[in-house]
Amino acid sequence: MPIRDALVDIVGVDRVSNDPAELFIYSRDSGAQPPGRADFVVLPKTAEEISAILRLANREKIPVTPVGAGLTLSGIVVPERGGIVLDMKRMDRILEVDELNRYVVIEAGVSQGALQAYLKKHHPRFQHSTPEAPPTATVTANALIHGHGHISPRYGINSDMIAGMEVVLPSGEIARIGACALKGKWFSRGPLPDLAGLFVGWYGTTGIVTRISLKLFPKPGFRQVIVFKTDDIDLLPEAIAEIMYLDMAEDFFLIMQEKPDWMNHAFLVVILSGHFEEELEFKKTAYKRLFSDFKGGECISFVSDLHPALEKRFLDVPPLAALAADFRKGGGFQYTGAILPVDQVPAAWRKGIEISHRYGMVCSYVHQVLMGNSIMFGFNYSFNRADEADIEKARMALEESNRATLDLGGMIWKGEKSAQKMVLAKMEPNTAALIRRVQEFLDPNRIMNPGKWEV
């Protein structure tokens with residue numbers, strides 16, 4: 001039976017396509033990485049449908065690439081070797097919210113905007129950790145790539161918040177991980193063997209997560225932004241450490257942009273929240289006092305005249321700090337997420353300026369501090385999508401930034417294929433071999449998103 005007919009038998013004719021126009025869209029993302037090619041696009045609605053598709057793919061040796069919203073920018077879900085793209089957006093149900101045990105169970109296609117709106121309407125006392133991404137970005141994909149959200153400085157990255165999952169293995173078998181595997185509530189994945197690690201960070205090479213349980217967190221009624229600035233980047237590691245030591249920030253990020261001139265400083269943006277106005281005022285006073293005493297009070301200054309538009313932008317959930325980026329004609333934008341130890345911020349800052357200037361770009365930064373012991377340091381690059389030479393410059397800048405990240409002792413977050421190769425080449429050989437063995441064990445026919453994390 002032809003492959004398209006077999007897929008139609010599984011999901012129905014209205015959820016399978018090999019139309020060239022649709023395949024064009026699913027063969028690329030909006031970043032600077034080269035496109036791939038898709039042969040079929042399928043929109044499953046159930047884990048059972050995905051199971052049948054993977055059994056077919058194994059039988060016929062067809063590559064399978066799962067896609068959330070395809071917004072990672074780094075080609076992670078670009079189908080490198082053809083085959084079937086599984087678009088998860090039809091799996092969009094919010095299945096359960098347990099306020100007492102503080103978790104939500106969702107299907108893999110639920111978007112950030114949908115979950116945020118649902119909680120606001122039905123469970124206004126609770127929130128999930130919302131990343132700085134378009135509202136169409138999917139919640140599950142963000143957690144699976146170790147994404148971070150607007151409360152990550154306080155509670156950790158979003159993969160830390162996974163309480164359980166349902167996954168379809170490459171063989172087509174369906175498994176559950178965490179307490180839900182005992183046919184109970186989805187409240188925790190411990191103290192059982194932590195199998196979630198087999199699927200988090202693997203870019204869909206070990207299976208397809210169809211449901212996920214995430215922890216929910218209190219949503220305080222009051223929020224405020226407080227901003228400081230400095231021109232001495234060598235002070236930033238200590239300043240970051242002091243802000244996190246107070247342990248009162250909901251969110252904390254740094255921004256900088258060379259143009260306009262008033263943005264050409266290091267801005268430390270601290271989002272405060274509280275259940276009572278008095279609590280919020282106490283926190284605000286504490287941070288002002290912190291920097292009035294820091295190094296004699298002359299190195300880091302309080303920004304008392306923050307523009308209302310910036311205040312709103314920073315207080316939005318997610319905070320739209322990335323709008324500070326220099327978007328060129330043609331609208332292309334990509335960044336490499338360097339996860340660095342805090343003490344490497346000055347070196348990375350200088351390297352980012354150097355790389356930007358080498359490729360004729362305006363330097364801009366948005367960095368989020370993660371639990372105080374690391375920082376997501378974004379090397380940001382804009383390009384003209386209609387100019388292949390400009391796209392190539394962006395790729396070269398990204399590659400140079402990725403090398404700098406590794407040289408500084410950091411890790412590359414959601415890196416493109418060349419970045420994955422850099423990481424594997426630097427990795428301790430037995431660890432790289434273990435990655436290969438896990439993939440071979442779970443996916444002996446290597447049908448799952450081939451080309452990604454390829455040892």
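1. In the predicted model discussed here, F40 has I84, a residue of β4, as its bridge partner. This bridge belongs with the pairing of strand β2 (residues 40-42) and strand β4 (residues 84-87), which run in the parallel sense and are joined over 3 bridges.

2. Around these strands, an open sheet of 4 strands can be followed in the order β1-β2-β4-β3, and its pairing is mixed. The edges are formed by β1 (16-17) and β3 (64-67), each of which pairs on one side only. As background for a reader new to such sheets, strands pair through backbone hydrogen bonds and may do so in parallel or antiparallel fashion.

3. As for the overall division, the protein chain is split into domain 1 (3-87), domain 2 (94-218), domain 3 (222-315) and domain 4 (322-415). The centres of domain 3 and domain 4, taken over C-alpha atoms, are separated by 22 Å, and the contact between the two draws on 18 residues from domain 3 and 24 residues from domain 4.

4. How much area do domain 3 and domain 4 bury between them? The value is about 1800 Å², with 67% of it on carbon and sulfur atoms. On the side of domain 3, I233, M256 and E258 together supply 31% of the area buried against domain 4, which is more than any other three residues.

5. Polar links also cross this boundary: 7 residue pairs are in polar contact between domain 3 and domain 4, and the count of salt bridges is 1. A salt bridge is formed by R350 with D234, whose closest N and O atoms are 3.0 Å apart.

6. On the side of domain 3 that touches domain 4, α7 (236-246) and β13 (251-257) each supply at least two residues, and β13 gives the most, with 7 residues. Sorted by class, that side of domain 3 has 12 nonpolar, 1 polar and 5 charged residues.

7. One joins K259 and P260, with omega about -5°, and P260 lies in the loop between β13 and β14 (266-274). Another runs from V317 to P318, with omega near 0°, and P318 is found in the loop between α9 (308-315) and β16 (332-340).

Definitions and conventions. Residues are numbered from 1 along each chain as its sequence is written. This is a predicted model: local features need pLDDT of at least 70, side-chain atom pairs count only at pLDDT 80 or more; totals for chains, interfaces and linings use all residues. Side-chain values use heavy atoms; hydrogens and water are left out. Domain bounds come from an automatic or database domain assignment. Contact means heavy atoms within 4.5 Å. Buried area is the accessible area (1.4 Å probe) that two parts lose on being put together, summed over both. A salt bridge is a side-chain nitrogen of Lys or Arg within 4 Å of a carboxyl oxygen of Asp or Glu. A polar contact is a pair of N or O atoms within 3.5 Å; within protein, one must be able to donate a hydrogen and the other to accept it, and residues adjacent in sequence count only if both atoms are side-chain atoms. Ala, Val, Leu, Ile, Met, Phe, Trp, Tyr, Cys and Pro count as nonpolar, Asp, Glu, Lys and Arg as charged, and the others, Gly among them, as polar. Two strands pair if DSSP finds at least two bridges between them.
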